[in-house]
Amino acid sequence: MERIEFDYPATHAVLKKAHVGVVGSGDLEVLLEPLDGDSAHVSILTSVDGFRNTWKAVLDRFFASYQGAVRIQIHDAGATPGSVLLRLQQAVEVSQR
Amino acid sequence: MSEQRNDTKFINRQSFIELNARERAEVLFDAGTSRELAGPFDRMESPWLAMQGVTPQADDGCVVMKGKISGQSTVVIALEGAFQGGSMGEVSGEKLAAALDLACADNEKGIRTNAVMLLETGGVRLQEANLGLASIAEIMASILVLRRHVPVICIIAGTVGCFGGMSLAAGLASYVVMTREARLGMNGPEVIEQTSGVDEFDSSDRALIWAIHGGEQRFAMGLADALVEDDAQQMVEAVQRFIAKGVPAVHRSSEVALYRSRIAALDPSRQWDPKELRAAWKAGAAPEVNQ
């Protein structure tokens, strides 16, 4: 198991929190919460070691189009990069409902 | 349940099995009345899983919701089968037991609060063995106290099913609702095969497993009180029906003499066909059939 953390700049405040996904095989859980300030913090706990670069690539892409000031906590059970991105987008969608 | 199902209705139904634990719990309530207690943002995670290299889940796989069903205050506890097989750890077990105890305290104060458990679980979480076992004992004690006040309804929808110590908790429930896809049993098929050999039970034979552990057989044997389709609406109606029925005059688990006599009447030296067993086992009253 590996813990990975990233920080990204943010430009706008987020009002609502969102929880999506399940820590089941090939899936992940995303907890998205408003964070004070002008940055976003991502904290990942993954059951699969050695994929830091892949996580960074997925999150770089996600934060290229999302500038919310949020704290994102991810509990991962071996999700593919595609699933991770979809879950992140789903969390944003739920937080904007 | 009619054999000839209405195809259009079946296709247009909302599947219950495809919902996750949170969605399953929510769909049972009267619209807009539910709220979650000790949810994922309260971060009641297992402290033991990460130590063993297993990713925890923010709600430890146990969803507790309070709201109204048929206008009556009800607590629904749903286990998430996709997280660690719905296994009972220290935190998830404590959440379930505490929810039942709080419902009990409400009932003792004169505030009627029903309880529904959605059990998708392999039983004790092996990574938290003794703590999981202890919490299952607590859950069983809590069910026994609560069911004196209100019906404790157990739903096993599938596809994990309900096994191990939690099958005993299901056995203590006032009413058990199952689908054909669900399974209920003390030892799971693989455990039986490992301990008694493949001749005793072939865990790769799915037809055999469902013929014995499956919802249809459990219902026919009188161990479940309703067999419903994989349909959220049918599940809601079954729960409402059993809430309206109230506490049964005699709980199944209190009928010790009846079950002893049934076991005594069976000849264990012969191989029983599951269908044949239904008739041989259940000479008594037939349970309710869901239409």
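Predicted model: local features only at pLDDT ≥ 70, side-chain atom pairs only at ≥ 80, totals over all residues.
Strands of a sheet pair through backbone hydrogen bonds, in either a parallel or an antiparallel manner, and E5 of chain A takes part in both kinds of pairing. With strand E1 (residues 2–9) of chain A, the pairing is antiparallel and extends over 8 bridges. Within it, A:Tyr8 stands opposite A:Ala40 of E5(A). With strand E6 (residues 68–76) of chain A, E5(A) runs parallel, and 6 bridges join the two. Here A:His41 has A:Arg71 of E6(A) opposite it. Helix H1 (residues 52–64) of chain A also belongs to this picture: together with E5(A) and E6(A) it makes a β-α-β unit, and this unit is left-handed.

The C-alpha trace spans about 55 × 45 × 45 Å along the principal axes of chain B. Of the 291 residues in this chain, 52% count as buried. Chain B exposes about 13,100 Å², of which 54% is supplied by carbon and sulfur atoms. Among the contacts in chain B between residues at least 6 apart in sequence, 72% join residues at least 24 apart.

The secondary structure of chain B amounts to 11 helices and 7 strands. An open sheet with mixed pairing is formed by 7 strands of chain B, in the order E1-E2-E3-E4-E5-E6-E7. Its edges are strand E1 (35–37) and strand E7 (226–228) of chain B, each of which pairs on one side only. On average, neighbouring strands of this sheet are turned by 25° against each other, direction ignored. At one end of the order, strand E6 (residues 175–179) of chain B pairs with E7(B) in the parallel sense over 3 bridges. B:Met178 has B:Leu227 in E7(B) as its bridge partner.

Helix H2 (residues 21–28) of chain B touches E1, strand E2 (62–69), strand E3 (72–79), strand E4 (114–118) and strand E5 (152–156) of chain B, and its direction makes about 10° with that of E2(B). Helix H3 (residues 90–108) of chain B lies across E2, E3 and E4 of chain B, running at about 25° to E2(B).

How values were computed:
Residues numbered from 1 in each chain as written. Chains lettered and ligands numbered in written order. Heavy atoms only, no water. Pairing = 2+ DSSP bridges. Helix = DSSP H or I, 4+ residues; strand = E, 2+ residues; numbered from the N terminus. Right-handed = clockwise from strand over helix to strand, strands pointing away. Buried < 20%, exposed > 50% of the residue type's maximum accessible area, 1.4 Å probe, protein only. Contact = heavy atoms within 4.5 Å. Areas by Shrake-Rupley, 256 points an atom, 1.4 Å probe, with all protein chains shown as cover. Axes fitted to C-alpha atoms, helices over the stretch in contact; angles between N-to-C directions.
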